[in-house]
Amino acid sequence: MKTENQKAWFFVLPVLLLVAFNALIPMMTVVNYSVQETFGDNLFFWEGLTWFEQILTSERFHAALGRQFLFTFLILIIEVPLGIAIALSMPRSGPWVPVCLVLMALPMLIPWNVVGAMWNIFALPDIGLLGYFLNHVLGINYDMTQDPIAAWATIITMDVWHWTSLVVLLSYAGLVSIPDAYYQAAKIDGASNWSVFRYIQLPKMKNVLTIAILLRFMDSFNVYTEPFVLTGGGPGNSTTLLSIDLVKIALGQFDLGPAAAMSLIYFSITLFVSWLFYTLMTKDDLN
Amino acid sequence: MARITLKNMRHSYMPNPKGPDDYALKEIDVDWEDGGAYALLGPSGCGKSTLLNIISGLLIPSEGQVLFDGNDVTPLLPDQRNIAQVFQFPVIYDTMTVRQNLAFPLKNRGVDEAVIERRVSEIAEMLEITDMLDRRAAGLAPDNKQKLSMGRGLVRDDVNVVMFDEPLTVIDPHLKWKLRSKLKELHQRVRATMIYVTHDQTEALTFADQVVVMQEGEVVQIGTPVELFERPAHTFVGHFIGSPGMNVLPAELRDGGAFFQGQTVAVEGAVTAKDSKGIEIGVRPEFVSLGESGIPAQVRRVSDVGRHLVIEAMAGDQKVAAITNGPAPIQGDTVHLQFQPNQTRVYADGWLATEKAAS
């Protein structure tokens, strides 16, 4: 005899509530805004997909999206190889290991807005240590508040300073898990240092690197606080990344409809790229 | 292929070793013939892996020399020594195919493509992995991975020595036999000098022509499996080899004869020990029988292990094991133990102290 009841639902209920309140309901309000126009006073007018069309065809969105991709691309192309290189040069045993690990972890412990503020002061052309040094000691004309190139160089450097450690720590964890026998076998097989890296270290780091790149992609693609505090999106719009632009539309202009539509598009892009990357990286493991 | 000599070798992992206890290897002198199959046998931590790493060049000994065919190779790096080593856990290059794995040591040495092709297919055939050549190595079963690690060692036809560091640890028991006989067969085909490190007596005794038994950094005995079994030079060897191991019983010397529990015990030959200090009698359970007369003992346990019975009896406060084919005595019975004289020996401070019986 088979007994059937619906008790199991009660066990799922707590997590369902949790997900509903921290994700589904807020998300649905955004969906709600994205298809309507509001003038305050809780008056709403149905707009259908107008906002989506408007965002997707707007030059401003294209430009911000382009800057966002450029930013993410640049930091990944610097942080990943640099992180691997630092991890490779860290000692694998001995008294210096904890010292290196703590030094590496330090930048990540600093709150994001503090990082922005620190680098803002650090990079100010006439009074910041970096700004002063570049302008008055090296004689390079550097002013991140006026020059878009300088502004970009500064936000990229700041992100590299803040987040390379994450790649380092994850790569290092992958490296130390390689048994000595692999290195000994490679020595006996007459493998070069490059071969050791290419055929032993890199494959063994692949899983942690996938996670590192995924985390760095998501974080950098959604980054807001640090560049906002550092440059405020300027000079002009030159460092206005997607998230900064989104906040300008939502809170600066109070265009809730377009901002909601943009949020959903933004979210879909992040999700899609993450999914694509993860699928590509792990497809070898399946067969 | 080469003859391997270790001369006055000592090794310590400490920068400034003081006493002999600081040495992982104490005074090793061995000579291994070209083309022989040798086993290094000993419990974990006895220094056998250290010795292996010294031969392969992964470690430089604190003192002494490693000679290949009389040439000193002590300062040479592993890749310059032309050796091959198979580790406890299979080491394979995950991203390569089986074929690329096998070709890797040859490629690194700039061997001609056609030669690589020929050697790889030869070795693959020998190891019976030909049908897997184009598969990704990461997907292989553990025993095939270990075969592949061996293959990378054997693929070079100029190796001086192939070394195995407990290679069957991760292999399922039913595959151990297969792989072990494969190894034996490979040795007969390629005739390379092979050194096999293990703590498993069965592996050592079935693989090797000569077994080197080690304990606490010292070579205790070198001999054929039969020699180790029949005439252990040290109580440790007697204990370590055999199942159950040799009975080692405290004894006394009186008037040149050995006494156990007050009774005289006939041994193989003249006793060479001077005084009674540290004197023990060693006799394997296989040569202890139950009879009408002899040393009285009480049966404590009888285990039927299939082929024979293992009897554990107490002679006074000493435990003595005996192997018989029955009839089984009853637990608690008093029996009389007889030691076969030509297989009974006296040990002084652990070392053999009787002269060999005249045959």
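Which order do the four strands of the open sheet in chain B have? Here are some notes to read beside the model.

1. First, the ground rules. This is a predicted model, where local features need pLDDT of at least 70, side-chain atom pairs count only at pLDDT 80 or more, and totals for chains, interfaces and linings use all residues. Residues are numbered from 1 along each chain as its sequence is written, while chains are lettered from A and ligands numbered from 1 in the order in which they are written.

2. Now the opening question: the order is β11-β15-β21-β22 (chain B), with antiparallel pairing. Strands here are DSSP runs of E with at least two residues, and helices are runs of H or I with at least four, numbered from the N terminus. Two strands pair if DSSP finds at least two bridges between them. β11 (247-250) and β22 (351-352) of chain B are the edge strands, each with a single partner, so one side of each has no neighbour in the sheet. Strand β21 (residues 344-348) of chain B pairs with β22(B) over two bridges, and B:Tyr347 has B:Leu352 as its bridge partner there.

3. Next, look at strand β7 (residues 161-165) of chain B: five of its five residues are buried (20 or more other C-beta atoms, placed from the backbone, lie within 10 Å of the residue's own). On one side are B:Val161, B:Met163 and B:Asp165, and on the other B:Val162 and B:Phe164. β7(B) runs parallel to strand β6 (residues 83-86) of chain B, joined by four bridges, with B:Val86 opposite B:Phe164. Five bridges join β7(B) to strand β8 (residues 193-198) of chain B, also in parallel; there B:Asp165 has B:Val197 as its bridge partner.

4. How do helices α3 (residues 98-108) and α4 (residues 113-127) of chain B pack, and at what angle? The angle is about 130 degrees, with the axes 10 Å apart. Axes are lines fitted to C-alpha atoms over the stretch in contact, and angles run from 0 to 180 degrees between N-to-C directions. Among the residues that meet are B:Leu102 and B:Leu106 in α3(B) and B:Ile116 and B:Val120 in α4(B). The residues of this contact divide into seven nonpolar, no polar and three charged (Ala, Val, Leu, Ile, Met, Phe, Trp, Tyr, Cys and Pro count as nonpolar, Asp, Glu, Lys and Arg as charged, and the others, Gly among them, as polar).

5. Finally, 20 residues of chain B are in contact with 13 residues of chain A (C-beta atoms, placed from the backbone, within 7 Å). α2 (78-81), β6 and α3 of chain B each supply at least two residues of the side that touches chain A.

Methods. Contact = placed C-beta atoms within 7 Å. Buried ≥ 20, exposed ≤ 12 C-beta atoms within 10 Å, placed from the backbone.
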